[in-house]
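Visitor: I would like to go through this model and ask what stands behind each label. Please set the values against the cut-offs as we go.

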Amino acid sequence: FFPNESVADMSLTLGGKCIFSNGKFVLEGDAVEKELSNHMADAQLDELGVFPEHQRFVEIGIDFGESGADVTVLGSDLTREYVAVNADYRS
């Protein structure tokens, strides 16, 4: 963010659960944290499995509100499995 940008109108969801709203992180207790943890674990590849063995993913939602600003969102997979699969590629 730029110094004059605000996160007050931004919200983030993980697995359909709101985790950031009104400028702060919000977690609704241990049950929700466990549900979020399970959501992420369900998407994890088995370390010994063949890549990709499923189409599961961690669902992340980002709402920037009505700021009118252009945004770029970058994501990366640096899990052990991804790095192992791509370790033989050289540029």
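Guide: Of the 91 residues in the protein, 12% are buried. The model is a predicted one.

Visitor: What is the secondary structure of the protein, and in which pattern along the sequence?

Guide: There are two helices and four strands. Along the sequence they follow the pattern β-β-β-α-β-α.

Visitor: What is the order of the strands in the sheet?

Guide: The four strands form an open sheet in the order β3-β2-β1-β4, and the pairing is antiparallel.

Visitor: What makes β3 and β4 edge strands?

Guide: Strand β3 (24-25) and strand β4 (60-63) each pair on one side only, and that makes them the edge strands.

Visitor: How do you know that β1 and β2 pair?

Guide: Pairing requires at least two bridges between two strands. Three bridges join β1 (residues 11-14) to β2 (residues 17-21), so the two strands count as paired. They run antiparallel. Within this pairing, Leu12 has Phe20 of β2 as its bridge partner.

Visitor: Why is Phe20 called buried?

Guide: Its relative accessibility is 7%. The cut-off for buried is under 20%, so Phe20 counts as buried.

Visitor: How many aromatic pairs are there, and why is the one of Phe20 and Phe25 called edge-to-face?

Guide: The count comes to one aromatic pair. The ring centres of Phe20 and Phe25 are 4.9 Å apart, and a pair needs centres within 6.5 Å, so the two rings qualify. Their planes stand at 75 degrees, and an angle over 60 counts as edge-to-face, so the pair takes that name.

Visitor: Is Phe25 buried or exposed?

Guide: Phe25 has a relative accessible area of 61%. Exposed means over 50%, so Phe25 is exposed.

Visitor: Where is Asn22, and what is its phi?

Guide: Asn22 is found in the loop between β2 and β3. Its phi is near 55 degrees, a positive value in a residue other than glycine. Most residues other than glycine have a negative phi.

Visitor: Why does Asn22 count as exposed?

Guide: Asn22 has 63% relative accessibility, and the cut-off for exposed is over 50%, so the label applies.

Visitor: What is the accessible surface of the protein?

Guide: The accessible surface comes to about 7,600 Å², and 52% of this belongs to carbon and sulfur atoms.

Visitor: Which part of the contacts joins residues at least 24 apart?

Guide: Among contacts between residues at least 6 apart in sequence, 37% join residues at least 24 apart.

Conventions. Residues numbered from 1 in each chain as written. Predicted model: local features only at pLDDT ≥ 70, side-chain atom pairs only at ≥ 80, totals over all residues. Heavy atoms only, no water. Phe/Tyr/Trp six-rings, centres within 6.5 Å; stacked < 30°, edge-to-face > 60°. Buried < 20%, exposed > 50% of the residue type's maximum accessible area, 1.4 Å probe, protein only. Contact = heavy atoms within 4.5 Å. Areas by Shrake-Rupley, 256 points an atom, 1.4 Å probe, with all protein chains shown as cover.
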